[in-house]
Amino acid sequence: MSALFRGLRDGHGFDALLALLALVYLLTFSAFPLIYNIVMSFQEVDMFSMADLVRPFVGLANYKALFASPDFWPILRNTALFVLLSIVFQLAIGFGLALFMQQDFPGATYLRGLFLAAWIMPALVVGAVWKWIFAGDFGVLNYFLSQLGLVGSKVFWLSDPAISLYSVTIANIWLGIPFNMILLSVGLAGIPKDMYEAAALDGANALQRFWHMTLPMMRSTLGAVISLGIIFTLQQFDLFASLTQGGPANASNVAQYWSWQLSFQTYDIASGSAVSCLMLGFVIVVAVIYVRSTRHEHRA
Amino acid sequence: MKRYALLALALIFLAIYLFPLYWMYLTALKPSSETFTYPPTFWPHHPEWNFAKVFVDKKMATYLSNSLLIAIGTTVIVALFGTGCAYALSRVRSVWMDIVLFLILMMQVLPSSLMATPIFVIFNQIGLIATPRTAVVLVQAAKVLPLYIVLTRTSFMQIPKELEEAARVDGASRFGAFMRIAVPLARNGILVTSVLIFLQSFGEYVYSRSLISEEALQTATVGLMNFMGPNTTDWNGIMTYAVIYVTPILFVFVLLQRKIVSGLTAGALK
């Protein structure tokens with residue numbers, strides 16, 4: 001007993017104890033709900049059976065009902081579109097800004113950091129501000145666009161079913177730009193300067209240097225930023241809640257918001273947990289790929 | 001000369017990017033009649049100071065103190081459980097520690113909105129839903145704990161092992177060396193990461209919305225959502241609410257900007 005105590009106080013037991021404390025906390029409040037969720041997705045769960053400890057198993061019925069639902073495929077398509085467009089534009093704009101901020105001018109680092117002011121704000125507040133910018137009649141975005149002659153009549157950004165998903169995507173791109181830019185800046189700073197000088201001496205122009213040197217050297221950073229982008233984009237909930245609530249008529253709904261709606265607004269908890277299981281599975285696969293790819297780099 | 005041209009261009013980019021923030025502050029200062037003019041005005045010609053009115057009318061004192069409570073509770077739990085784990089992960093390289101790190105990274109990516117369903121059912125069964133703010137603190141801590149561990153671990157890695165070994169030779173226990181050498185030396189990283197966790201939890205929405213039903217216990221994000229309602233027209237009031245809510249957050253951010261940015265970049269890519 002005293003040997004065990006001494007191990008905990010002085011030996012490797014001490015490290016193990018510290019690591020286990022946090023791990024047990026996470027297993028209790030993250031991993032256990034995760035597994036519980038999988039079990040629930042095979043059960044019949046509604047408002048009344050929610051408190052029961054033993055619930056009837058229904059096999060794959062929840063999933064079958066989900067796949068047969070007319071909302072399922074459109075919402076999945078919306079989710080894919082939301083993730084794809086968010087990542088492409090966050091990455092392109094973030095990369096552009098990172099390259100620009102890489103140049104030598106006074107205050108570059110400080111100004112680059114200021115972009116993160118958007119990222120630090122609660123996403124729900126960001127959603128409220130964008131909702132006001134998007135407003136149809138008095139919104140400032142419509143004013144700018146009509147001044148520039150880009151639109152003839154007022155665009156109803158949030159209530160037009162053909163546009164609402166793109167409006168939420170625009171707000172999400174705005175929110176994600178600084179994070180992308182900062183991570184890409186770190187990657188850019190890691191490229192040795194003398195390589196560029198040598199290439200410039202050999203007569204490579206700026207575009208050639210970007211295409212043949214910057215991009216290949218940034219491959220691993222880009223991979224990490226894209227995986228993190230997918231993970232963060234699938235976490236986006238607050239913007240949907242504040243801007244469109246998935247509407248009108250599910251036109252801007254995505255899986256992570258739909259799952260919540262099913263459980264907390266229509267109390268169809270079984271379906272909510274089935275959607276949640278599918279999405280959690282997908283997120284975990286992306287995360288495994290990301291972690292494995294960064295691991296390889298450390299070993300190499 | 002070219003350097004100043006670049007600086008001017010950078011300022012223009014920043015101004016365009018941060019325009020939504022300006023618009024928020026501007027709308028908050030305009031009187032409601034000026035809010036609904038078209039074309040809109042871009043400078044408050046008759047600024048109106050209705051912060052106190054919105055603060056009282058919208059019961060912001062209650063909402064903000066609930067948010068504050070949740071943010072403080074989350075930060076305390078995260079710092080208590082996370083600091084030691086981050087330290088252990090920075091000191092020991094073994095298969096077991098790799099597995100722990102892997103599991104922690106996996107639990108970092110689980111979206112709150114997807115975890116809300118099982119957590120709501122479990123908390124209903126064990127009765128935690130009766131103390132909803134505690135429930136939110138517990139799950140929000142589980143949500144942000146991995147990020148804290150990952151970021152704080154990089155600060156511990158920068159501290160040479162030799163300092164602790166010297167203290168051990170002088171008779172300190174592992175725990176003593178951890179508390180008196182490692183933690184004080186890593187305090188900058190610990191503090192900045194704690195601030196980051198605090199700010200994130202101060203703006204938490206999903207769990208508060210899902211687990212708290214009583215209005216007097218709800219957070220500032222839920223209060224803002226209630227204010228916005230389906231057919232909102234009081235944009236002037238909503239932006240005033242938003243300004244009261246985020247100004248302290250932005251203030252802390254500007255103060256600690258340099259440290260937050262460097263802490264994030266050190267941890268995020270490793």
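A quick word before we click on anything: the domain bounds used here come from an automatic or database domain assignment. For chain B, that assignment gives domain 1 (1-49) and domain 2 (54-268). Bear in mind that this is a predicted model, where local features need pLDDT of at least 70, side-chain atom pairs count only at pLDDT 80 or more, and totals for chains, interfaces and linings use all residues. Residues are numbered from 1 along each chain as its sequence is written, while chains are lettered from A and ligands numbered from 1 in the order in which they are written.

**Stop 1: the two domains of chain B**

Colour domain 1 and domain 2 of chain B separately. Their centres, taken over C-alpha atoms, are 32 Å apart. How many residues of domain 1 of chain B are in contact with domain 2 of chain B? Seven residues of domain 1 of chain B are in contact with six residues of domain 2 of chain B, where contact means that two C-beta atoms, placed from the backbone, lie within 7 Å.

Now select helix H2 (19-29) and helix H3 (32-35) of chain B: each supplies at least two residues of the side of domain 1 that touches domain 2. H2(B) gives the largest share of that side, four residues. By class, this side of domain 1 of chain B has three nonpolar, three polar and one charged residues. For the classes, Ala, Val, Leu, Ile, Met, Phe, Trp, Tyr, Cys and Pro count as nonpolar, Asp, Glu, Lys and Arg as charged, and the others, Gly among them, as polar. Helices (H or I, at least four residues) and strands (E, at least two) are DSSP runs, numbered from the N terminus.

**Stop 2: chain B as a whole**

Switch to cartoon view for chain B. There are 14 helices and zero strands in it. Along the principal axes, the C-alpha atoms of chain B fill a box of roughly 75 × 65 × 30 Å. Of the 270 residues in chain B, 46% are buried; a residue is buried if 20 or more other C-beta atoms lie within 10 Å of its own, exposed if 12 or fewer, and partly exposed in between, with C-beta atoms placed from the backbone. Among the contacts in chain B with a separation of 6 or more, 77% join residues 24 or more positions apart.

**Stop 3: B:Thr75**

Select B:Thr75, in helix H5 (residues 60-91) of chain B. Why does B:Thr75 count as buried? Because 25 other C-beta atoms lie within 10 Å of B:Thr75. Show its partners next: leaving aside neighbours within four places in sequence, B:Thr75 is in contact with B:Ser194, B:Ile197, B:Phe198 and B:Ser201.

**Stop 4: down the axis of H10(B)**

Pick helix H10 (residues 174-185) of chain B. This twelve-residue helix reaches 15 Å from its first C-alpha to its last, close to the 16 Å expected at 1.5 Å a residue (1.5 Å times one less than the number of residues). Highlight B:Arg174, B:Ala177, B:Phe178 and B:Ala182, the buried residues of H10(B). Viewed down the axis, the buried residues of H10(B) fall within an arc of 100°, so they line one face of the helix; the arc is that of the directions from the helix axis to the C-beta atoms. The face turned away from the buried side of H10(B) carries exposed B:Met179 and B:Pro184.

**Stop 5: over to chain A**

Bring chain A up and show its contact with chain B, which takes 77 residues from chain A and 83 residues from chain B. Helix H2 (residues 12-40) of chain A gives the largest share of chain A's side, 18 residues. That side of chain A divides into 58 nonpolar, 14 polar and five charged residues. Overall, chain A has 15 helices and zero strands.

**Stop 6: two positive phi angles**

Finish in the loop between helix H13 (238-243) and helix H14 (255-264) of chain A, where A:Gln245 lies. A:Gln245 is not a glycine, yet has a positive phi of about 50°. A:Asn250 lies in the loop between H13 and H14 of chain A too, and has a positive phi of about 65°. Buried or partly exposed: which is A:Gln245? A:Gln245 counts as partly exposed, with 16 C-beta neighbours inside 10 Å, whereas A:Asn250 counts as buried, with 20.
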